[in-house]
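Open the model in your viewer and keep the sequence panel beside it. This tour tells you what to select next and what is there.

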Amino acid sequence: MADAPEPSTTPGEGPAIHPRNRLNELSGEAWLYFTKSVWTTAYPSELGHRLRRAHGANKPPRLMARLIEYFTKTGELVLDPFAGVGGTLLGAAMARGPRRAIGIELSPRWAEVYAEVAQQARAERGGLGPALADLGPQDPGGPRGFDPSGCELLVGDALAILPTMAALSVDFVATDPPYNIQLPMTMAGGALAEAHANRRTDYAMVTDDPADLANAPDYATFLDRMTAVLAELARVLRPARYAVLIVRDAYQDGRYVFTASDLAARAATVGLIPKGDLIWYQAGSRLRPYGYPTGFVPNIVHQHLLVFRRDGAAPADGAPAGTALRGTARGRRASGSRER
Ligand SMILES: C[S@@+](CC[C@H](N)C(=O)[O-])C[C@H]1O[C@@H](n2cnc3c(N)ncnc32)[C@H](O)[C@@H]1O
């Protein structure tokens with residue numbers, strides 16, 4: 001049985017934050033609510049969704065904001081090495097107490113969409129920014145503002161840019177990598193599947209750039225390249241801080257591919273300790289008759305929010321913050337690991 005949560009507010013003083021909570025600015029009640037292992041919230045189409053939906057794997061900024069609010073405090077630095085049209089950056093900008101964020105994206109097209117969305121949103125209501133609906137219990141914590149001034153999106157290959165970032169300079173990684181290698185058909189194929197349109201034919205998701213991880217020649221190479229990215233993420237993350245990888249399993253070549261499990265195993269080899277697997281149920285997914293009427297083929301209507309904690313002990317309070325880009329490594333390197 002869990003301990004009773006802290007009261008959510010102290011009259012006149014805002015949320016009561018436990019004195020030993022160094023991670024975030026949440027009340028005990030909000031902390032507990034976040035830890036449920038299944039997420040079913042249907043997020044609204046907002047913040048330039050009309051432009052962002054051209055990217056078939058764009059993520060709701062509010063989903064990203066919830067992750068960011070749990071794993072960071074106001075002003076801390078979030079990194080997304082596969083930024084797409086900027087779901088993570090927009091999430092950092094709408095967090096209650098905006099965070100800073102660096103994104104890396106291979107495709108200039110998606111970076112331009114992010115820039116346009118951020119600029120348009122900022123200009124709304126005569127420069128006050130967008131009016132973001134208060135979703136009540138679906139997004140506990142009250143109204144949200146929007147301040148993207150601390151967010152930057154870099155165009156290029158994550159495997160080339162990450163090594164230029166200073167070690168121990170990032171407070172949280174939130175990312176949604178290419179899920180798997182690109183195949184002509186991602187699901188079961190066959191006449192019925194064709195009639196009902198394969199996911200990949202609906203939207204643009206993959207570039208034709210050889211550096212795109214989805215263009216790896218085979219799944220083993222995809223996993224190796226992702227392991228190299230994960231090792232870089234472990235290097236730039238501060239000790240004891242967290243990374244969340246959003247991963248969708250796949251059904252390819254007639255079999256189920258446990259991409260989330262495979263990536264979690266790889267992450268563990270580079271010092272990112274698996275801490276949890278939150279299931280995000282995408283209620284609005286369209287069902288397609290992939291295997292009907294001859295055999296079972298799943299309609300995958302969930303994604304994994306894989307939670308990792310970087311190896312090492314947290315630095316003492318007051319340790320200096322590092323500069324992420326083109327800086328020298330600051331802070332102290334972790335010696336040994338301590339399980340929590
Ligand atoms: C699943 S999408 C991320 C979508 C993003 N979360 C959003 O809200 O738009 C993965 C992204 O990784 C990008 N990508 C693939 N390989 C890359 C690489 N080597 N370096 C940087 N970005 C890459 C793709 O272009 C794609 O936009």
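Start at Thr-41. Select this residue in the loop between strand 3 and helix 2. Helices (H or I, at least four residues) and strands (E, at least two) are DSSP runs, numbered from the N terminus. Thr-41 counts as partly exposed, because 16 C-beta neighbours lie inside 10 Å. The scale works like this: a residue is buried if 20 or more other C-beta atoms lie within 10 Å of its own, exposed if 12 or fewer, and partly exposed in between, with C-beta atoms placed from the backbone. Thr-41 and Leu-63 are 22 residues apart along the chain, and their C-alpha atoms are separated by 8.7 Å.

A word on the model. This is a predicted model, where local features need pLDDT of at least 70, side-chain atom pairs count only at pLDDT 80 or more, and totals for chains, interfaces and linings use all residues. Residues are numbered from 1 along each chain as its sequence is written.

Zoom out for the whole protein. Its secondary structure comes to ten helices and twelve strands. The protein has 340 residues, and 37% of them count as buried. Take the contacts between residues at least 6 apart in sequence: 73% of these join residues at least 24 apart. Two residues are in contact if their C-beta atoms, placed from the backbone, lie within 7 Å.

Return to the loop where you began. Leu-47 also has its place between strand 3 (38-39) and helix 2 (49-52). Is Leu-47 buried or exposed? Leu-47 is buried, because 25 other C-beta atoms lie within 10 Å. Check its backbone too: phi is positive, about 50°, although Leu-47 is not a glycine.

Next, select helix 3 (residues 61-71) and helix 4 (residues 87-94) together. They pack at an angle of about 60°, with their axes 7 Å apart. Axes are lines fitted to C-alpha atoms, for helices over the stretch in contact, and angles run from 0 to 180 degrees between N-to-C directions. Which residues of helix 3 and helix 4 make the contact? Helix 3 brings Pro-61, Met-64, Ala-65 and Ile-68. Helix 4 brings Gly-87, Thr-88, Leu-90, Gly-91, Ala-92 and Met-94. Colour this contact by class: seven residues are nonpolar, three are polar and none is charged. Here Ala, Val, Leu, Ile, Met, Phe, Trp, Tyr, Cys and Pro count as nonpolar, Asp, Glu, Lys and Arg as charged, and the others, Gly among them, as polar.

Keep helix 4 and hide helix 3. Eight of the eight residues of helix 4 are buried, so this helix is largely enclosed by the rest of the structure. Bring back its surroundings one by one. The buried residues of helix 4 pack against helix 3, strand 4 (77-80), strand 5, helix 5, strand 6 (151-155) and strand 7 (170-175).

Move on to helix 5, and pick Tyr-114 there. Tyr-114 is buried, with 27 other C-beta atoms within 10 Å. Not counting residues up to four places away in sequence, Tyr-114 touches Val-85, Gly-86, Leu-89 and Leu-153. Draw a distance to Gly-86. This residue and Tyr-114 are 28 residues apart along the chain, with 5.4 Å between their C-alpha atoms.

Stay in helix 5 (residues 108-127) and find Arg-125. Arg-125 is exposed, with 10 other C-beta atoms within 10 Å. Its phi is positive, about 50°, although Arg-125 is not a glycine.

Now show the ligand. There are 23 residues around the ligand, and Ala-57, Phe-82, Gly-84, Gly-87 and Ala-158 come nearest. A residue is near a molecule if its C-beta atom, placed from the backbone, lies within 6 Å of it. By class, this shell has twelve nonpolar, six polar and five charged residues. Strand 5 (100-105) and helix 6 (158-161) each supply at least two residues of the shell.

Go to the loop between helix 8 (199-202) and helix 9, and select Val-206. Val-206 is partly exposed, with 16 other C-beta atoms within 10 Å. Val-206 and Pro-178 are 28 residues apart in sequence and 8.1 Å apart in space, C-alpha to C-alpha.

One last stop: Pro-293, in the loop between strand 11 (272-281) and strand 12 (302-310). The peptide bond from Tyr-292 to Pro-293 is cis, with omega near 0°.
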